[in-house]
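Hello,

Here is the structure we talked about. Please open it first, then read my notes below.

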Amino acid sequence: MNFPHLIYGGDYNPEQWPEDIWIEDARLMQEAGVNLVSLGIFAWSKIQPTQNEFDFDWLDRLMDLLHAHGVNVNLATPTASPPAWLVRGYPDVLPVTDTGATLWHGSRRHYCPHSISYRKHAAEIAARLAERYTNHPALKMWHVDNEYASGVTECFCDASAAAFREWLKQKYSSLDRLNESWGTTFWSQHYSDWEEIHPPRKAPAAINPSQQLDWARFNSDSWLACFDEQKAILNKFSPNLPVTTNFMGFHKPADYWKFASHEDVVSNDNYPDTFDPEWMVQSGMICDLMRSLGDRHPWILMEQSPTHVNWRQRNPTKRPGVMRLCSYQAIARGADGVMFFQWRASKAGAEKHHSGMLPHGGTDTRVWREVKALGNELPKLDSVLASQVKADVAIVLDWENWWALELDSKPSNDLKLLPQLYAYYKPLFDCNITVDFAHPESDLSRYKLVIAPNLYMVNDSTVKNINRYVENGGNLVMSFFSGIVDQNEQIRLDGYPAPFREMLGLLVEEYAPYPETLTNTIRATNGRSFECMLWSDVIHLKNAKAIASYEQDYYAGSAAITHNTFGKGNAFYVGTVPDKNGMEWLLEQVCRMADIQPISTNAPAGVELLQRVNGNSSFIFALNHSNEKVNVPIERRGSDLLTGTEINGSVALEPSGVAVIQLK
Ligand code: GLA
């Protein structure tokens, strides 16, 4: 990315408005400091009203108008919402559910990623747009489609079935290998012809888990193939412009590690529920994922709401200052741009009750004033551009493991990955320890501490990588139900968790999950006692030592949390889900052993601290999420880029206040 200021703007849907409003839009964008808009995301039927008719005149005028007002364009391929003529002429565009029902036109994202008609027409409109606008001076970035794998996450039509078979042929090359990998001797599922294989459509009972897992992989690959196809076209015409597609945080159906590696810049849509008192933690975790997906390069907050959304059961307003706080949180966690859905609140359609930067009430509104103030403030942070956030701790996240872990027919279907990631993330967030997310096959040696919650499915390369990380001196926390199956979702035999038993110094003999109403307690070696829930591993110690043991049930007295030294490193194993206090106690000890330093040890409660670094320049972001005025100790001298105030010892923050301190 090559922008002189932090990016500021939003989705712009001028096709919803008469042309005389566009001039006012451009003028107000300038007034609000908007320097980039995402244009045309849902404008397919406006650009191509019928199959043989293209209308670019209106878009030409808009691009010129925006350029004249200093507003750059992130031009979208409008392929997330196929027009009615396309669906009518080529019904194979429409997606089909696992019970064979068709999903119809009238909303958006109503397409099957395997439909040849869809792919052909999507490629055509992408090429037409690229050809026409590649040299337009307003064009600075390409935005492909919108939120891949949302709405429709998978399509079960016959074309999808055929594409699935092709994907399987590529993967396994022979039916023997497929039968072996899927374990088809079970329940008489053997295949003797590729044509016998179908997507996991609705069936009477549990469907083959290896088949389901390959189906998840296949679907994620298919969405990526749609992106790749358009990206190749855009790259051909605009070899020097970045191409992105907007992510949706922890979105299960699409493997974002793969997606991110095909994108030029990571961008994300983030809509925290501010009724949730922990919204800033949830949202911080999403920002950290985005930074990690892009290998710590700056990313873009592509969409957030200026105030309320309209798609939750109840939609909170963002109280005064909260939109600004959300924006700075993204920047603090590595974003170089803050954008919104959408510029002008709609008059018609399903999103007319969603907030816009420019509300229905116009410019004499709180929201507009806050939007304008932020846009005019951000240029003070030019020196922050391209700086990076460094973390000493990583939480392991693998989409394939996520899919496998949450397939049905498990010891407990209550075990879900995200709450477990969150349970480890939250105490670290609370004490201002910055966390990356890492793929289990990536280079972990850059981290002092690696946390692997429920890493149920591991391939051989992950096994090697994690064992080697500890052996070479790393500190690992691994939680229950890890290392249980291989990449085909088949048990790794020889006692749980077979590939990590030696490193962890223990054997898990059985799992004992709990119903929601039951808990156990664990007592730590220092005498403290904590509640634990969801699951207990029944552990036999080999070389490891217990640092906490169960107090109740038939395994009372046996180890619940263990520590082992392996090679030069330390391996902790957590056989259950400790409560909040237990988790804080555990992470405190582990962080001490791994020599992890928070950004500050004496920040007041509710204050979020982050650091961005660029060569010799270093910036501390302080965000006050509490309702109190606070004084945040800052150990080094610096100046607040937002106020110009010299900082010597501490900075005072109002409720929802922010400081960005460039250190001396
Ligand atoms: C998503 C979509 C936008 C809009 C917003 C509303 O992020 O990308 O088109 O629907 O949600 O919150």
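A polar contact is a pair of N or O atoms within 3.5 Å; inside the protein, one must be able to donate a hydrogen and the other to accept it, and sequence neighbours count only if both atoms belong to side chains. A polar side-chain atom of E147 is 2.6 Å from a ligand oxygen. For W311, a polar side-chain atom is 2.7 Å from an oxygen of the ligand. An N or O atom in the N146 side chain lies 2.8 Å from a ligand oxygen. On its own, the ligand has 310 Å² of accessible area (Shrake-Rupley, 1.4 Å probe), and the protein covers 96% of it.

Two notes on the source. This is a predicted model: local features need pLDDT of at least 70, side-chain atom pairs need 80 or more, and totals for chains, interfaces and linings use all residues. Residues are numbered from 1 along each chain as its sequence is written, and side-chain values use heavy atoms, without hydrogens and water.

Now the shell. Residues around the ligand (a heavy atom within 4 Å) include F42, R108, D269, Y271 and H354. By class, the shell has four nonpolar, two polar and five charged residues. Domain 1 (1-6 + 266-377) and domain 2 (35-263) each give the shell at least three residues.

Last, the domains. The bounds come from an automatic or database assignment. The chain also has domain 3 (393-593) and domain 4 (607-663). The C-alpha centres of domain 1 and domain 2 are 25 Å apart.

Best wishes

Notes:
Ala, Val, Leu, Ile, Met, Phe, Trp, Tyr, Cys and Pro count as nonpolar, Asp, Glu, Lys and Arg as charged, and the others, Gly among them, as polar.
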